Amino acid sequence: MTSQAPLYLDGAATSPPAEAVLEAMAAADRLAWANPSSLHGFGLVAAESLERSRQRISTVLGCGSEELVFCSGGTEAAHLAILGLAAALPPGRLLLSSVEHPAVEAAAASLRNLHWEVVTLPVDRFGRVRLEVLESLLVPPTRLVSVIWGQNEVGTVQPIEAIGRLCRREDVFFHTDAVQMIGHRPLRFSELPVDLLSCTAHKIQGPRGIGALLVRQGVPLKPLLMGGGQEGGRRAGTESVALAAGFATALELSAQRLDQHRGHDPMRPRRDDLQQALLDLPGVTLSGCPDQRLPHHLSLIVRTSSGQPLSGRRLVSELWRQGLAVSSGSACSAGRDQGSRVLRAMGYGEAEAAAGLRISLGPWLDDHNLSQLPHRLTEALKRAIASLST
Ligand SMILES: Cc1ncc(COP(=O)(O)O)c(C=O)c1O
């Protein structure tokens, strides 16, 4: 293990909570701990805090506060979007990309049991949805399209506006999983041709366990969780006032950063420097789209000098030995490296699909960390390649 302090470079998995987020949550838990549905004064304080958080989040995301449904995170938001909308419609066809997060895939798969047809859209080598195929399938019985905005493994950003316009033209509902996108670019739900948008707090230094589904007014939706009728009858269960305050604070912090950098994520130039340095190493190539990518995200495929793809999981372990916390895209089942479903959908072979490496940056890294990063990571990767090649 290295003597240097470890660096967390896995913000796309989750991110360390910002100090202001922890403070906002502690304050809410101290002052507004009551059930926001209670009618007494304690409850009213909690309800007021919850509604203030809802308003703050809606302001940043450019939606009406009545369009925001709090839930437990991105997984639940995607389930509510897909299954909640489907429950309100007659069976039809759902189109989704072949590079969705497993949460969306799982929700879509369970629609099959409800007599929906589920069709997976192909992507190109860069992970971009083939729009001509999507367009050709926007005919009855297609009722819903779900496409991830910023892909979590390879960072590819999909042309959400173009897809949404096509859906609008054909009267098809459109859901996007914006979990990796919020906080990294300015976003106004009211101006997007999107009916349902899923997001979560923990990728932007907010708390784990809270997210939201934005539901355009008039879009039919049945609740998945029933009981107390919270969230306008769309998601039952006592809301977490403290998590909502943490989410609102995290989102405002990211909006302030975007404002200070004329709408750009300040991590982008840092990521670009790092990318340049790493791609100069022999055997290192980029995966995902070179120009349409999440600004804080870098995804690579690493090969030995003889061209053999190196297991991403083994690289992650090697890099951690050198104090660098990164991620691989592949899943491990019963000890066998299965390779990334996303990379396979993009046309990579089995060995390459197990060779994905993801590095994702964020504001918890200070200037000193960030300026050292290209040197530290290239040296660490060189050592990791050397040790895994023997
Ligand atoms: C693109 C994407 N969608 C959905 C999710 C699930 O979000 P959560 O962990 O908040 O349930 C994640 C988190 O890994 C993600 O990256």
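## Basis of the model

Residues are numbered from 1 along each chain as its sequence is written, and side-chain values use heavy atoms, with hydrogens and water left out. In this predicted model, local features need pLDDT of at least 70 and side-chain atom pairs count only at pLDDT 80 or more, while totals for chains, interfaces and linings use all residues.

## The ligand site

Polar contacts are pairs of N or O atoms within 3.5 Å. In K203, a polar side-chain atom lies 2.6 Å from an oxygen atom of the ligand. For Q180, the distance from a side-chain N or O atom to a ligand oxygen is 2.8 Å, and for H101 it is 3.2 Å. On its own the ligand has 390 Å² of accessible area, and the protein covers 84% of it; such areas come from the Shrake-Rupley method with a 1.4 Å probe.

## The seven-stranded sheet

Helices (H or I, at least four residues) and strands (E, at least two) are DSSP runs, numbered from the N terminus. Two strands pair if DSSP finds at least two bridges between them. Seven strands make an open sheet with mixed pairing, in the order β2-β8-β7-β6-β5-β3-β4. The edges are β2 (68-71) and β4 (117-121); each has a single partner strand, so one side of each is left without a neighbour in the sheet. On average, neighbouring strands are turned by 20° against each other, direction ignored.

Strand β3 (residues 93-97) runs parallel to β4 and is joined to it by five bridges. L95 has V119 of β4 as its bridge partner. Helix α4 (residues 102-112) lies across β3, β4, β5 (142-148) and β6 (173-177), at about 155° to β3. Contact means heavy atoms within 4.5 Å. Axes are lines fitted to C-alpha atoms, for helices over the stretch in contact, and angles run from 0 to 180 degrees between N-to-C directions.

## Two loops

The loop between α4 and β4 holds H115, a residue other than glycine with a positive phi, near 70°. P141 is in the loop between α5 (131-136) and β5. The peptide bond from P140 to P141 is cis, with omega near 10°.

## The four-stranded sheet

An open sheet of four strands has antiparallel pairing and the order β9-β10-β15-β12. Strands β9 (284-286) and β12 (327-328) are at the edges with a single partner strand each, so one side of each has no neighbour in the sheet.

Five bridges pair β10 (residues 297-302) with β15 (residues 356-360) in the antiparallel sense. The bridge partner of H297 in β15 is S360. Helix α9 (residues 267-279) lies across β9, β10 and β15 and runs at about 10° to β10.

Definitions and conventions
Polar contact = N/O pair within 3.5 Å; in protein donor to acceptor, adjacent residues only side chain to side chain.
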